[in-house]
Amino acid sequence: MDIFLEALLNIIDPVTLTYMVIGVGAGLMAGSIPGFTIAMAIVLTLPFTFSMPPAQGLATMISVLVGGLSGGLMSGILTGIPGTPSSVATTFDGFPMARNGEPGLALGIGVWSSFCGGIISAVLLVLFAPQLAMVGLEFQPWDFFMLVMFALTVTASLAGEHLVKGLIAGAAGLFIRTVGEDDAVGVGRFDFGSDYLLSGFNFIAVLIGLFAFSQLLSDLRNPVTARNALSDRKQVKVKIEHRRAIGILLKNWVVVIRSALIGMFTGILPGAGGSIANILAYDQAKKAAKDDANFGKGDPRGIIAPETSNNAVEGGALTPLMALGIPGDITAAIMLGALLMHDIVPGPTFIKDEPALAYSIYIAFFLASFIMIGMQSGVLRVFVLVTRIKTYVLATVILTFATIGVFALHNSIEDIWTLFFFGILGFVMRQFGFPLAPMILGVVLGNIAELNLARALAIDADPMLFFVRPWSLFFAIVAVFSMIFPIYQKHRDTGSLLERLFSPMVLLSLSLPLFMMGGFLRTTLAVAAIAVSGFILWRRFGSKSKA
Amino acid sequence: MLASFEIREPDYGVLSPAAWPRLIIIIIGVLSVIYLLQSIGMPKEDKEAAPRKTIGEFILYWRNVIAVFTIFGLYLLVLPYLGMLVGNILFSFILLTVLGGWNSILIHLMLAFGASGGMWLLFTYVLEVFLPRGSLTGL
């Protein structure tokens with residue numbers, strides 16, 4: 001109770017609250033601007049939080065995140081252009097509803113769905129993170145190393161057909177982190193006699209360069225669109241219809257809960273974020289609807305599903321970060337960066353060792369959702385006005401801000417050179433279709449992977465332990481199947497052998513480490529996995545041969 | 001890969017400091033070969049989808065990006081002499097004008113002073129971050 005009070009006092013401190021309000025506002029603005037992603041807003045917030053106490057810094061970043069997740073719906077509903085990839089599905093029904101003369105209701109449903117998604121996922125985060133952390137206490141260095149490999153391969157596999165590019169990007173991210181003094185024995189690597197390189201690249205500068213600088217360059221590429229305003233909408237005279245929206249949400253509570261769970265689960269998976277969750281939830285809402293004729297024409301369920309799920313994603317992404325120290329998506333990876341910046345290394349003992357900070361994160365998450373709904377209702381016009389600013393003006397101001405922010409991290413001009421160099425690299429990679437998410441995860445998790453590899457080999461030099469320890473084997477199996485997944489997706493609905501064997505093989509393979517773990521629950525799960533895979537195999541092969 | 005052989009081998013620790021980066025380089029190498037083979041095996045139509053550009057067309061197409069790179073590079077070179085306040089005002093003014101055209105020069109000037117000056121004040125006085133002064137300007 002004392003710890004909870006300490007955390008609460010940390011967050012309701014007037015300075016922290018002011019930063020949170022500014023953070024939510026900044027997030028809402030960033031989210032409402034098409035082309036400016038939430039991750040970019042969060043990464044640009046990082047330098048600001050450097051001088052703050054950890055709880056205050058994280059609360060500010062969470063506020064930007066919550067605001068950003070909700071900001072995308074405004075431009076999506078009012079202009080038909082989603083502010084962020086997380087709000088793509090919102091436009092399917094939000095824009096038609098607004099065009100049909102009910103923009104206030106569409107916004108109301110969107111805003112309240114976002115709120116519900118945020119609150120449900122915050123509750124689930126509070127419930128699940130400590131449980132997952134307890135499982136994480138079983139992990140040894142072998143398991144942590146394999147967990148990082150799994151996170152990287154899953155993220156790379158999300159690149160779909162470009163799996164190889166995703167893997168190259170992930171490996172390049174790991175390599176970037178090897179520059180400088182080795183964490184295990186303190187030997188300099190790839191420093192070429194430079195003191196700056198010996199201390200390693202400032203990874204916040206690397207993240208801002210890779211993500212924000214390269215994104216700005218992409219936005220500025222076309223000289224014509226760079227001089228245009230982001231939206232030609234002159235005025236917004238919309239009043240959000242709160243009461244009607246809440247009524248519709250209560251009537252569709254099943255859609256709300258299902259979408260929140262989809263968002264939460266997608267968030268927990270490394271690499272998968274709001275951009276996937278909103279489409280998945282929309283698709284599920286449409287499939288589950290008895291009458292789906294109105295979908296795409298302004299059906300409220302078409303707004304509820306994506307907006308609830310995309311806000312629920314972050315609770316999911318923060319769960320493995322707080323419980324295991326492994327981020328669930330890019331924004332959580334940047335949060336991990338913020339924690340590392342304050343010399344706090346999250347892991348299974350994080351919630352136990354830093355309970356006040358953990359509670360501060362929970363409370364900030366809840367509070368930010370309330371601030372978000374207040375600001376969305378009160379100053380909606382201001383946020384949409386931002387979309388009238390010309391792209392090149394916004395990009396120049398953000399670039400100037402990023403420059404000062406990066407310098408402020410360590411008072412080092414070399415960090416700005418790092419920003420510049422990785423900005424170019426990120427831009428070139430974007431142009432050649434390399435996904436940046438695996439690279440960013442590689443940069444953030446690189447030293448965790450290497451340290452755990454070194455620790456594992458120091459305990460026992462036998463490399464086979466990476467494949468015979470239950471958790472390590474579990475993650476290795478999931479990593480291998482995640483790499484095969486894009487090929488499986490290509491062969492779906494073709495009736496190929498791979499399509500028929502993929503899911504039973506995943507279940508059968510995972511049953512082995514589950515058996516090895518022992519205990520009633522895990523053994524039962526293993527038996528269930530074998531039974532289900534047997535049933536699928538019988539359905540796909542046995543019944544056909546009889547026929 | 002060559003640089004990884006320059007890494008000192010200490011007498012302690014099981015994992016050599018060169019082992020991890022070398023492993024990553026090998027993985028990148030193998031993946032690059034796969035990527036190369038995939039590119040070679042790509043259908044001819046896909047390869048010809050993007051028509052070749054002359055150098056002039058290339059520069060015209062990428063002019064904004066080249067401008068940002070060049071101006072940012074020059075800004076970094078003169079930063080120690082001009083300092084962050086003057087450097088940022090000049091950088092943002094030149095970038096705004098190059099990207100947005102000469103018609104709104106007054107607005108660009110005001111924006112450059114407002115945004116860069118505002119941020120300088122915020123970092124210097126609110127966040128108490130010491131921003132670099134220029135050896136020529138003293139600001």
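How many helices and strands does chain A have? In this predicted model, chain A has 26 helices and two strands.

Figure 1. Taken along the principal axes, the box filled by its C-alpha atoms is roughly 70 × 65 × 55 Å. Buried residues account for 61% of the 547 residues of chain A. Of the contacts in chain A between residues at least 6 apart in sequence, 77% join residues at least 24 apart.

**Figure 2. Overall form of chain B.** Chain B contains five helices and zero strands, and its elements follow the order α-α-α-α-α from the N terminus on. Its radius of gyration is 24 Å, whereas a compact globule of 139 residues would have a value near 14 Å. The C-alpha trace of chain B spans about 55 × 55 × 25 Å along its principal axes. Of the 139 residues in chain B, 26% are buried. Among contacts in chain B with a separation of 6 or more, 52% are between residues 24 or more positions apart.

**Figure 3. Domains of chain B.** The domain assignment divides chain B into domain 1 (3-47) and domain 2 (55-126). A distance of 38 Å lies between the C-alpha centres of domain 1 of chain B and domain 2 of chain B.

**Figure 4. Packing of helices H4(B) and H5(B).** Helix H4 (residues 63-100) of chain B packs against helix H5 (residues 105-126) of chain B at an angle of about 145°, and their axes are 8 Å apart. The crossing of these two helices, H4(B) and H5(B), is right-handed. Residues that H4(B) brings to the contact include Met84(B), Ile89(B), Phe93(B) and Leu96(B), while those from H5(B) include Leu109(B), Phe113(B), Ala115(B) and Trp120(B). The contact of H4(B) with H5(B) comprises 12 nonpolar, seven polar and no charged residues.

**Figure 5. Interface between chains A and B.** In this view, 45 residues of chain A are in contact with 48 residues of chain B. Elements giving two or more residues to the side of chain A that touches chain B include helix H8 (163-176), helix H10 (203-220), helix H20 (391-410) and helix H22 (437-459) of chain A. H20(A) supplies the largest share of this side, 10 residues. By class, the residues of the side of chain A that touches chain B are 32 nonpolar, six polar and seven charged.

Technical notes
Residues are numbered from 1 along each chain as its sequence is written. Chains are lettered from A and ligands numbered from 1 in the order in which they are written. This is a predicted model: local features need pLDDT of at least 70, side-chain atom pairs count only at pLDDT 80 or more; totals for chains, interfaces and linings use all residues. Two residues are in contact if their C-beta atoms, placed from the backbone, lie within 7 Å. Helices (H or I, at least four residues) and strands (E, at least two) are DSSP runs, numbered from the N terminus. Ala, Val, Leu, Ile, Met, Phe, Trp, Tyr, Cys and Pro count as nonpolar, Asp, Glu, Lys and Arg as charged, and the others, Gly among them, as polar. Axes are lines fitted to C-alpha atoms, for helices over the stretch in contact, and angles run from 0 to 180 degrees between N-to-C directions. A crossing is left-handed if the near helix is turned anticlockwise from the far one by less than a right angle, and right-handed if clockwise. Domain bounds come from an automatic or database domain assignment. A residue is buried if 20 or more other C-beta atoms lie within 10 Å of its own, exposed if 12 or fewer, and partly exposed in between; C-beta atoms are placed from the backbone. The radius of gyration is taken over C-alpha atoms; the globule rule is 2.2 Å times the number of residues to the power 0.38.
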